[in-house]
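Trainee: Could you walk me through this one? I would like to learn how to read it piece by piece.

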Amino acid sequence: MQKDVTLDTKGLMCPMPIVHLAKKVKEMKSGQVLELLSDDVGAKEDVPAWCSRTGNQLVGTETDGSILKFYIKVK
Amino acid sequence: MADKMCMVVSEGTFDKAMMPLIMGQTAAAMGTEVHVFYTFFGTKLVTKKVNPKLPGMMRLFTGMFRNRMQKVGIPGYQEFVKQCQEMGVNFYACTTTMGLMGVKEADLLPGVKILGAAAFLKLASESQTTLFIG
């Protein structure tokens, strides 16, 4: 999947992936795609919930073993 | 207008200290305006000398708990409060409890405001979510 920035939050647990995600998205430009890596099982539900609340678009998800990958298009 | 969320914290133990910070920081990250009101034993959580411990015999394991939380990226208590404030979370100490417990305005952590029950209830009535942690 095409991406502009990668944010690796492996090893961090709820709510830290979301907190770092929110901070990173603030630094990015509209239309850019962020790749978020996480091994927190909570992120599976948390990231889509964060996207729908904040209006940023979740354009894709992938799983690589225990690593979850989220692709978020900045609004 | 942004969504609002309020929390009331009435206990001062480590578990009750961390929960509103975790919830509050997450809500702030989701674009929600957050207000946390500390009352009764919760009030000491927003004073400068704060070092919350787990309740009862569990207090002996507080350090182990704190280390485990730090390993997964959750900061120590006072640092966590600061990070929440930087993200816009508002902290309030209850006026009446301050009087009862002898807590002075100068004892409060920087940025903590003083609030009465009526003013808090006004905020709560404007909120979509209000949680009681005690």
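Predicted model: local features only at pLDDT ≥ 70, side-chain atom pairs only at ≥ 80, totals over all residues.

Trainee: Okay, chain A to begin with. How many helices and strands does chain A have, and what pattern do they follow along the sequence?

Mentor: Chain A has two helices and four strands, and if you read along the sequence they come in the pattern β-α-β-α-β-β.

Trainee: And in what order do the strands sit in the sheet?

Mentor: The four strands of chain A form an open sheet with the order 1-2-4-3, and the pairing is mixed. Strand 1 (5-8) and strand 3 (57-64) of chain A stand at the edges with a single partner strand each, so each of them has one side without a neighbour in the sheet. On average, neighbouring strands of this sheet are turned by 20° against each other, if direction is ignored.

Trainee: Do strands 1 and 2 run parallel or antiparallel?

Mentor: Strand 1 of chain A runs parallel to strand 2 (residues 33-38) of chain A, and four bridges join the two. To find the place by eye, look for A:V5, which stands opposite A:L34 in strand 2 of chain A. Helix 1 (residues 16-27) of chain A packs on this sheet, where it touches strand 1, strand 2 and strand 4 (67-73) of chain A, and its direction makes about 160° with that of strand 2 of chain A.

Trainee: What about the overall dimensions of chain A?

Mentor: Taken along the principal axes, the C-alpha atoms of chain A fill a box of roughly 30 × 25 × 20 Å. A compact globule with 75 residues would have a radius of gyration near 11 Å, and chain A agrees with that, because its own value is 11 Å. Of those 75 residues, 32% count as buried.

Trainee: Now chain B, please. What is the secondary structure of chain B?

Mentor: Chain B has five helices and five strands, which follow the pattern β-α-β-α-α-β-α-β-α-β along the sequence. With a radius of gyration of 14 Å, close to the 14 Å that the globule rule gives for 134 residues, chain B is as compact as a globular protein of that length. Buried residues make up 33% of the 134 residues in chain B.

Trainee: Which strands of the chain B sheet stand at the edges?

Mentor: The sheet of chain B is open, with five strands in the order 4-3-2-1-5 and parallel pairing. Strand 4 and strand 5 of chain B are at its edges, and each has a single partner strand, so one side of each is left without a neighbour in the sheet. Inside the sheet, strand 2 of chain B pairs with strand 3 (residues 90-94) of chain B over four bridges, and B:V36 has B:F91 in strand 3 as its bridge partner.

Trainee: Which strands does helix 1 of chain B lie across?

Mentor: Helix 1 of chain B lies across strand 1, strand 2 and strand 5 of chain B, and it runs at about 175° to strand 1 of chain B. This helix covers residues 14-29, and its 16 residues reach 23 Å from the first C-alpha to the last, close to the 22 Å expected at 1.5 Å a residue. Its buried residues include B:F14, B:L21 and B:A27, and the buried residues of this helix pack against helix 1 of chain A as well as several elements of chain B, among them helix 2 (62-71) and helix 3 (77-86). Just after the helix, B:G31 takes a positive phi of about 85°.

Notes
Residues numbered from 1 in each chain as written. Chains lettered and ligands numbered in written order. Pairing = 2+ DSSP bridges. Axes fitted to C-alpha atoms, helices over the stretch in contact; angles between N-to-C directions. Contact = placed C-beta atoms within 7 Å. Rg over C-alpha atoms; globule rule 2.2 N^0.38 Å. Buried ≥ 20, exposed ≤ 12 C-beta atoms within 10 Å, placed from the backbone. Expected span 1.5 Å × (residues − 1).
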